Amino acid sequence: MIWDELLPVPVDTQKLEHLFESRAKDLITKKQQEMNKNKEIIVLDHKRSNAINIGMTKLPPPRSIKTAILKMDATIMNREGIEKLLTMLPTEEERSRIQEAQAANPDLPLGSAEQFLLTLASISELPARLKLWAFKLDFENSEKEIADPLMDLKQGMETLRVNKTFRGILSTLLSIGIFLNGNEVKGFQLEYLAKVPEVKDTVHKHSLLHHLCHMVMEKFPDSTDLYSEIGAVTRASKIDFDELAANIGKLESECKASWDHLKLIAKHDGSTMMKVKMSDFLADCAERIIVLGIVHRRIINRFHKFILWLGIPLHRVQDTKPNEFCRIVSEFALEYRTTRERVIQQLEKKANHRERNKTRGKMITEVGKFRTKEDRADAELRQLLGSDISDVESIHGTLPWRRQRKDGRTSLGPLLRDENTNGNLTDGDDELLESLVKTATKTPATRTTPRERKRTRHADRKSLRRTLKNGLSEEEKKHIATYIKGY
């Protein structure tokens, strides 16, 4: 057999063992790589990791965040992104733990949250950079939020000082108060403006503001509704000027803190172009904040002088707040405008009613015009029909279809005139037509006997209510007794 002819071949066993060992190691390494392919280095707790991953969805890619922060590029990341990063800053403990885990497992990738925090940790003085950048983006809006209310208060005071309608309303209201109270006074408290719509007369129940509108419109014809002219006062009434002064102080402290942040950044970056620009920016901010403080102080002093000019006592000047004063004036002006529009509508209705009374019965006098038009149309029709009708009309009036007979009666001859007969009818035809007319216009004969009213079937029946009220007669009682005995 062939198996008997085969001879064993000498084999190097050491070589075979080495070959098998290398193959086994390759298989084990490959298997470990496949197992570790989906593994990541997770250091943070589950809650912190989820919060960072959710915040990353509203931010640009991590590789561009570092460039945006170093250059303070607002085209890459906006103010909302800066606020989000300030809540996601890595702590020193988290940074050290991530670096230790990465050194222990250099082959494993970091988790998305861990990689993001490690990228942020690589930026020097990250909190200082973010706060300085946030101050730079917020300064213009913060300055506007302070400057606009101050400007509104200034314009509102100037408008009220020269407004003729406001002056006329105050003078008229003062005259009404002097007349009603019977005392000569120089002025009244400003808070009384809020009570004017509540005071009513005892006859028509109209408010004092209603009568005030009538008087002002009569005495000052060129007066306005006041509310549309004091928009600055209405806007200033919504601002708390005490809080505005606190915002100026807060802005000043933030500017000082930004100088400290810039010094920390300059230690790491040195003298760069960004440092020079930020230094100029902060110097300009400091100057503008100082100007805001001066403007605030001067406008408040001007407001105190203005309310003194209105007649408010000196001991109440410091307690009178600008927003409360503006609120009282604005609400009164709104009530005045509403009442004034209602008064104008009432006056227009009365004027229209008077005009209607003047022209009442005008249609009756214009009937003649319509008759002249009808006469003109009839004349044109007669011209078309011929001259015979006009001749008859001239003799017998405005009814051309009736012909007067010798005996004084009228006939319908011209109406039934035939062309073939040349306008002539026989006496037999006239008698026939007259009999037809009499039959059609015959009045019905008058009744000789009066018509009797038909009585209902139950006319003799009496109502139960009347029976119970009036009682039964003796005859009716006998009938009832007889009826009961039969049963």
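Q: Hi! How many cavities of 30 Å³ or more does the count come to here?
A: Just a note first that this is a predicted model. By the rule used, the count comes to one cavity of 30 Å³ or more.

Q: Okay, and what volume does the largest cavity have?
A: The volume of the largest cavity is about 40 Å³.

Q: Which residues line it, the largest cavity?
A: The lining is made up of Asp152, Leu153, Gly156, Met157, Leu160, Ala232, Val233, Ala236, Phe325 and Cys326. Two or more of the lining residues come from each of α8, α11 (231-236) and α14 (322-359).

Q: Which element gives the largest share of that lining?
A: Helix α8 does, with five residues.

Q: And how do the lining residues of the largest cavity divide into nonpolar, polar and charged?
A: Eight are nonpolar, one is polar and one is charged.

Q: Switching topic: at what angle do α8 and α13 pack?
A: Helix α8 (residues 126-162) packs with helix α13 (residues 273-309) at an angle of about 25 degrees, and their axes are 10 Å apart.

Q: So would you call α8 and α13 roughly parallel or roughly antiparallel?
A: Roughly parallel to each other, because angles under 35 degrees count that way.

Q: Nice. Is the crossing of α8 and α13 left-handed or right-handed?
A: Left-handed, that's how α8 passes α13.

Q: What about the residues of that contact, how many are nonpolar, polar or charged?
A: The contact of α8 with α13 has 21 nonpolar residues, one polar residue and eight charged ones.

Conventions: Residues numbered from 1 in each chain as written. Predicted model: local features only at pLDDT ≥ 70, side-chain atom pairs only at ≥ 80, totals over all residues. Heavy atoms only, no water. Axes fitted to C-alpha atoms, helices over the stretch in contact; angles between N-to-C directions. Helix = DSSP H or I, 4+ residues; strand = E, 2+ residues; numbered from the N terminus. Parallel < 35°, antiparallel > 145°, perpendicular 65-115°, else oblique. Left-handed = near helix turned anticlockwise from the far one by under 90°. Nonpolar A, V, L, I, M, F, W, Y, C, P; charged D, E, K, R; others polar. 1 Å grid on protein atoms, 1.4 Å probe; cavity = no way out; pocket = protein on both sides within 12 Å on 5 of 7 lines; lining within 4 Å. Points joined across faces, edges and corners; volume = space filled by probe spheres on them.
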